[in-house]
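Here is a short briefing on one protein chain. Look at the structure first, then work through the points below.

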Amino acid sequence: FVIVPNIVVTATGPREAIPYTTSIQSRGGQAKVLTPKSFISVEDSFISASGLLLCGGYDVEPSLYGEEPKIEIEETFRARDDMELALLKYAISCEIPVLGICRGMQLINVAFGGKLLQDIPNHRDPQDQDDQKPLLHSTYVSPGSRLGAIIGAGAIYRVNSLHHQGLKEAQRAPSLLASAYSPEDGIIEALESPDYPLLIGVQCHPEREKEVPKSFLKLFDWLINWAEFYERGSL
């Protein structure tokens, strides 16, 4: 029989999740959208699901990494932070594959004990209120990284940029590795764990498929393939 991997996609609301679920479904997976409003429990969330995608959205609450808010231009949503942190912890404990995108990568860093830069310049067009016209910038993918094994390492790619928060080496969680960075300003563009191979976070938005190199779309294949492997192993 055919196994169709079901991926938990976290979002603030269902509409926000549409681009992510579209990328998953177009590659043979299914998506189970989870919002703070629909969240019941961690165990319930992973019933018939074998992957986790933490998507973009609100800023992560600064108190989670021991800081007070330094800016007032963005909103936070603590209920979503708490939901995603609980889901991430459970996924890692059960060896479920995890992909974090933009805010998702930032949340992974916070979950592992890192911090965030609360505002960085030149990574989002201030005139682009609807995020329909992103800036593009260079990203260097490190040789020997898991990300590099998926999309190709030792190369500089042009990717979209739709964020005003992020991290550099000083904010990186000690137990995580930076697998890509911007050569223009040192912003970390991808994270992975040497201890947990089924965890990857990227700062760009590969669900906006026309704005990134095609090789970055392999991240969705990676997530779906490992989710299918997990599903087969649990039968």
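**Overall build**

With 235 residues, a compact globule would have a radius of gyration near 18 Å; this chain has 16 Å, so the two agree. Keep in mind that the model is predicted.

- The C-alpha trace spans about 50 × 35 × 35 Å along its principal axes.
- Six helices and nine strands make up the secondary structure list of the chain.

- Of the 235 residues in the chain, 51% are buried.
- Take the contacts in the chain with a separation of 6 or more: 68% of them come from residues 24 or more positions apart.

**Strands 1 and 2**

- Strand 1 covers residues 6-10 and strand 2 covers residues 30-34. The two run parallel, joined by five bridges.
- In this pairing, I7 stands opposite A31 in strand 2.
- From strand 1, the chain passes through helix 1 (residues 18-25) to reach strand 2. This β-α-β crossover is right-handed.

**Helix 1**

- Which residues of helix 1 are buried? They are Y20, T21, S23 and I24.
- These residues cover an arc of only 160° around the axis, so they lie on the same side of helix 1.
- What covers the buried residues of helix 1? The cover includes strand 1, strand 2, strand 3 (51-54), strand 4 (98-101) and helix 6 (218-233).

How values were computed
Residues are numbered from 1 along each chain as its sequence is written. This is a predicted model: local features need pLDDT of at least 70, side-chain atom pairs count only at pLDDT 80 or more; totals for chains, interfaces and linings use all residues. Side-chain values use heavy atoms; hydrogens and water are left out. Two strands pair if DSSP finds at least two bridges between them. Helices (H or I, at least four residues) and strands (E, at least two) are DSSP runs, numbered from the N terminus. A crossover is right-handed if, with the strands pointing away from the viewer, the path from the first strand over the helix to the second runs clockwise. The radius of gyration is taken over C-alpha atoms; the globule rule is 2.2 Å times the number of residues to the power 0.38. Buried means under 20% relative accessible area, exposed over 50%, partly exposed in between (1.4 Å probe, protein chains only). Contact means heavy atoms within 4.5 Å. The arc is that of the directions from the helix axis to the C-beta atoms.
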